[in-house]
Amino acid sequence: MGETTVNVTVNGRSCEAVVEARLTLADFLRETCHLTGTHLGCEHGVCGACTVLVDGAAVRSCLMFAVQAGGTEVTTIEGIAAPDGELSTVQAAFRDCHGLQCGYCTPGFIVSVTAFLEDNPSPTDQEIREALSGNLCRCTGYQGILNAVHQVTGAARGEEPA
Amino acid sequence: MTVPTAEGSTRYAGARINRVEDARLLSGRGTFVDDVSLPGMLHACFVRSPLPRATIRSIDTKAALAMPGVHAVFTAADLNPDVNEQWHTSVGPEGPETPRPPLAEGEVRFVGDAVALVVAESRYLAEDAVDLVEVDYDPLPAVVDYTTAEQAATLVHESHGSNLIGQMSGLPASALQEVFDSAAHVVGETIYQQAYVPVPMEGRALAVDYSAPTGELTIYSATQAPHEVRLFCSRLLGVPEQKVRVIARDTGGGFGQKIMVQRDEMCIMLAARKVPGPLKWIEDRRENLIAAGQSRHEHAAVKMAFDAEGTIQAAQIDFVSDCGAYPTPWPVSTSSVVGALFPGPYRVPRASFTTKTMYTNTVGRTAYRGPWQFETLAREMLLDIAARQMGIDPMELRRRNLLRRDELPYTNANGMPFDHISPMETFEQALDMLDYPAFRKEQAEARAAGRYLGVGISNYVEPSSPGFGYYATEAATIRVEPSGKVNVYIAGGSTGNSIETTVVQLAADALGVDIEDVATIQGDTAVTGFGAGAAGSRSASMTAGAIRETSAILRERIKAIAAHKLEAAPEDIELGNSRASVRGTPTIGMSLGELARAAYFDPYSLPPGVPAGLEASARYTADTRFVWVNATHLCTCEVDVATGAVKLLRFIVSEDCGPMINPNVVEGQIAGGVVQGIGGVLYEHLAYDEDGNPITTTFMDYLLPTATEVPVIEYGHIETPSPGPGGYKGVGEGGAIGAPPAVVNAVADALAPFGVTVTRLPLGPTQIHALIAGNRG
C-alpha cells in the first residue's frame, strides 16, 4: 500500500504523519491526530456528522483522503470553542435552544452552521433549512437546531432571543 | 429559577435548565465507544452472509489469516462452544427463546447474518481480510414474506417446527359476534405498516478489554442499559458479575435498538478472550441497516362496531408481525400489548384480539420507540375511515367516544387499568390550538382552488415506567462529599435522554442545594447500583423515585447534625441554598460544606446515633405497575396531487406527561419521536426485494427526514400528576407512537375528494400517485 507524508495544519497546529493513500481525512483526524470529536455516521457522505472546515469550507471528512488535505488548514469541532473553553456563539445557541440530545451528530452541525453563517450571516428560514439539510439528526427532530440558528442570526440583527 | 422557596418545594424541577451534558458534546469532548483507544487495541469486522438462506458448506480462512496484521479469523466452531448461558434478564432463563448462535452455524438465515469474525490491527486491514475469507454457500429457498410465512413449506428455524413464533389472544372473536351482527355500522380494514427502524446516528459499538491474569473484562458499550450488558456478559462467558465492568459514557442514540445484547455483540465478548489486545467493533452504517434489526413491519385486520350515533360498541384486532430470523427479545409478549391497547383512550365496552409473530429470513425484530405503536396507528386510521363511511366529522366521532375524567379509573375491555390521564383535555386543547373550524374553512377554499389540504389526528394512551420484574426498581447513591459538593451515582448513561441533567435537577431540589453544587456519575457499573436502563419511558419516574428515597435518608441526617450544632430541634431545620438553617431565623445556619466537614472529619462531634459521613444508597421500588400517559397529535398537510409530495403545514402535540422536570427535555423528546414518526410514514422503508435482499443499505436509499421536511412542532401541555414520584410520567416514546396516524389521516383527508382509502404505509410520492390514479379509474 502506497504511503505518503502528509502535513496538515489542524486547529492551528501542524500535524505531520506518514499515511496510506487510502486513509480518509476523518480517520486521520480521529486516529492520527487523536481528535475524536469528528464523528462518522455513514461513511458515504450523506449524514454530515464528519463535517470539518478545510481552508474555511465545510467538507465531509469521510469523503476526502488525508493526502488530499496536505498543506491545508483544517478546523475540527475541537477548534471551534475558545482555548479557555468558552463556547462559540453557535455552540452556545445550540446549548440554549436544546439543539442536541445524544450529541453524536452535533459536531457536524456546529461546523456546518459555523461555515454557513460565515457565508450568509442573515439567512431566511428556508435558507437555514436548506443549509442544514446535509446534516442528519435522529434525536431532536431539528426543532432545537433550527431555533439555535435563528437565535444566532437574530442576535446578529440585534433581536432579543425568543 | 433561583428564587429560594419554602421547604420541600422545588427550585429547579419545572425550569428550562441548560443541560450538563452539553459542554462536552458541543466541543468534541464526549466519549463514544469509538473514541476509546487503548494500547494494543485490535479491530473486528464481520464476514456477513450475502444470501437470505443457505447452508454453509465450508469457510476458508487461510488467505485472510496469511495477511500481515491479521490476528485471527473466528468461525462458529471457534466461538459458539464457549457460550455458557445466553438469555436476557427481562425474559429470563426459561423463556421460549429463539436459538441464537453467536456466529451462524451450518445455516445462514438472513442477508447480513454474521458468518465469521476477522480481528486485525486496524479496521482497514480487518476489512481487507474480510474480502479474503471464502465461504462456500449452498443456497436454500428463503421465507421472505411474513404474511405467507405460516403456510410456507420452508422453515426459518427447523428446530422450532413452525414459522409461527407464538400467538396470544384475548376474548375470542366469537364472543363479539352478536355485537358486530347487530351493530348499526361495522367498519373493517386490513392495515399494513412497512419496516422502518431506529437508525441511531452512532451504530452499535463495543470495545472489550480482557485481562487474562485477573479474568476481568472492561467493556465500553453503546448501550441503553449498561447493567444488562454486564449481566448478559457474565452469563455468556460464565464469569462472575463483579469481574465485568461496563462503561457507557456517551451513546449516540438508541431508540430501543441498544437495549439488548444481540448476536454480534456476543461474538465480540467471546472473541475478546482469545486475542492478545482489547477488541473493538464499530458497526458501520451498512451493517446497521442490514444487521441491527428491523422494527414495525406488521399488519392487522381491524374492525369496530358502532351504534347509529357513532358510539363504539366493540373493537377487534387480528395482528401479525414480521420478526425476522433472530428477534431480540422474544417478540410474543410485546405483540400482546398491541392487542390489549387497541381500544385506546376510548370507551370501548367489548374487545377481542389475536396476535401472531412470524419468523422470516430477514433481519430480526428489535425494539423501536413505542414497540406496540401499531395499536394506535391501526385504531386511529380505522376511526377516520369509519367517520368517512358514517358521514360523521372525525373529530366529533372521537369526542363522542373519548374517555372523560369523571369516568376514571377505567379498566378497558382487555383489562388495562387506565387512570390519571386526560384524553379529552389533550384532544380539545389540540383542536383549539389549530382552530379546527378555521382550518376546515381554509381547506374548503383551497379545494375550490384546486389545492388539497388535509387534517389528521390521533389520540393514544401508553403505559410508561413499567413497575414489574426487572424494571421495577432503580437505585441511587448520593454522596455529599467532604467539601459539601454533591455527587449522585445512578445507572443512567447519556443516550440523548438528558438523564444527567434530570438527575442533577432532581437531586438539587431534594437536598435543597444549589444546582452548581451537584454533579452526577453514570454509565459505569463499577460505581452505580443495578438499573434496567433507558427503556419503557421509565427513566424520569424511576430516577425520581431513586433520588427521593436516597435523599430522604440524607436530609434526615443533615438535619440531625445541623440541629445538634445549632441547638435547635431537627424539625425546625430547613434546607435551601446549600445551607441548613433554623426556620424563622435564616441567619442562624451552617453551609452544607461546614456540615460535611463535621460529618467526615469531626465524627465525635455528631449527635448520638448519627453515622459519620454524608453518603447514602437506597433503592426505589415502583409505586405503581404502570404510569399511564396520553397525548393527542394533530397535523395538517398539503398534498401535491401532480407529484404525490406531501408538505406538512402544522404539527400540534398536546400531551399529559404530568409535571415537567425540564420542558426543554420534554419538548425535545416529543420532537424527536414525532419526526421519526413522520419519517416512518413519508420517507423511511427498510425494504427487501422478493428474493430477500435488503435494498436500502445506505442513506441514499433509506431516506431520513431532514431539516427541509420537518414542520415547526407546537406543544400543548395538560398536567395530571401520576401517582408515582413527583407525579412525573414517561415521555420518551410517545412522539413516535402518536405521529404516524396523524400524518396518515391528514394525507387521507387531503385526498378525500378522490375517494381514496389509505390502508398501507409508507406514503411516498409513488404510493400517493397510485392511490389517486387507482380511484380515478
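How many helices and strands does chain B have? Chain B has 19 helices and 28 strands. Please keep in mind that this is a predicted model.

**Figure 1. Chain B as a whole.** The radius of gyration of chain B is 28 Å, close to the 28 Å that the globule rule gives for 777 residues, so chain B is as compact as a globular protein of that length. Along the principal axes, its C-alpha atoms fill a box of roughly 90 × 70 × 50 Å. Of the 777 residues, 59% count as buried. If we look at contacts in chain B with a separation of 6 or more, 80% of them come from residues 24 or more positions apart.

**Figure 2. Domain 1 of chain B where it touches domain 3 of chain B.** Chain B is divided into domain 1 (22-30 + 468-621), domain 2 (40-140 + 204-251 + 258-291) and domain 3 (296-465 + 624-775). Between domain 1 of chain B and domain 3 of chain B, the C-alpha centres lie 40 Å apart. Their contact takes 16 residues from domain 1 of chain B and 17 residues from domain 3 of chain B. On the side of domain 1, the elements that give two or more residues are α14 (499-511) and α15 (539-566) of chain B. The largest share of that side, six residues, comes from α15(B). Sorted by class, the side of domain 1 has five nonpolar, nine polar and two charged residues.

**Figure 3. The largest nonpolar core.** This core holds 303 residues. Which of them touch the most other members? They are Leu117(B), Val118(B), Ala271(B), Ala507(B) and Val747(B). Helix α18 (residues 734-750) of chain B gives the most to this core, with ten residues. For a closer look, pick Val118(B): leaving aside neighbours within four places in sequence, Val118(B) is in contact with residues including Ala44(B), Cys45(B), Val47(B) and Ala64(B). Val70(B), Val73(B), Ala126(B), Ala129(B), Val130(B) and Val133(B) are also among the contacts of Val118(B).

**Figure 4. Helix α7 of chain B and its buried residues.** Nine of the ten residues of helix α7 (residues 263-272) of chain B are buried, so this helix is largely enclosed by the rest of the structure.

**Figure 5. The buried side of helix α11 of chain B.** In helix α11 (residues 394-401) of chain B, the buried residues are Pro394(B), Leu397(B), Arg398(B) and Asn401(B). They cover an arc of only 95° around the axis, which puts them on the same side of α11(B). An α-helix has 3.6 residues a turn, so residues three or four places apart point the same way. What do the buried residues of α11(B) pack against? Their partners are β14 (312-322), α10 (374-390), α12 (423-434) and β18 (452-464) of chain B.

**Figure 6. The two domains of chain A.** The domain assignment of chain A gives domain 1 (3-79) and domain 2 (89-156). Taken over C-alpha atoms, the centres of domain 1 of chain A and domain 2 of chain A are separated by 22 Å. The contact takes 14 residues from domain 1 of chain A and eleven residues from domain 2 of chain A. On the side of domain 1, β3 (51-54) and β4 of chain A are the elements that give two or more residues, and β3(A) gives the most, with three residues. By class, that side of domain 1 has eight nonpolar, six polar and no charged residues.

**Figure 7. Ala57(A) in strand β4 of chain A.** Ala57(A) has its place in strand β4 (residues 57-60) of chain A. Is Ala57(A) buried or exposed? With 11 C-beta neighbours inside 10 Å, Ala57(A) counts as exposed, because a residue with 12 or fewer is classed that way.

Figure 8. The contact takes 43 residues from chain A and 39 residues from chain B. On the side of chain A, α2 (89-96), α3 (106-119), α4 (125-132) and α5 (143-156) of chain A are the elements that give two or more residues. Gly144(A) is in helix α5 of chain A and, with 24 C-beta neighbours inside 10 Å, counts as buried. Leaving aside neighbours within four places in sequence, Gly144(A) is in contact with Cys97(A), His98(A), Gly99(A) and Gly668(B).

Note on methods. Residues are numbered from 1 along each chain as its sequence is written. Chains are lettered from A and ligands numbered from 1 in the order in which they are written. This is a predicted model: local features need pLDDT of at least 70, side-chain atom pairs count only at pLDDT 80 or more; totals for chains, interfaces and linings use all residues. Domain bounds come from an automatic or database domain assignment. Two residues are in contact if their C-beta atoms, placed from the backbone, lie within 7 Å. Helices (H or I, at least four residues) and strands (E, at least two) are DSSP runs, numbered from the N terminus. Ala, Val, Leu, Ile, Met, Phe, Trp, Tyr, Cys and Pro count as nonpolar, Asp, Glu, Lys and Arg as charged, and the others, Gly among them, as polar. The radius of gyration is taken over C-alpha atoms; the globule rule is 2.2 Å times the number of residues to the power 0.38. A residue is buried if 20 or more other C-beta atoms lie within 10 Å of its own, exposed if 12 or fewer, and partly exposed in between; C-beta atoms are placed from the backbone. A nonpolar core is a set of buried Ala, Val, Leu, Ile, Met, Phe, Trp, Tyr and Cys residues joined through C-beta atoms within 7 Å. The arc is that of the directions from the helix axis to the C-beta atoms.
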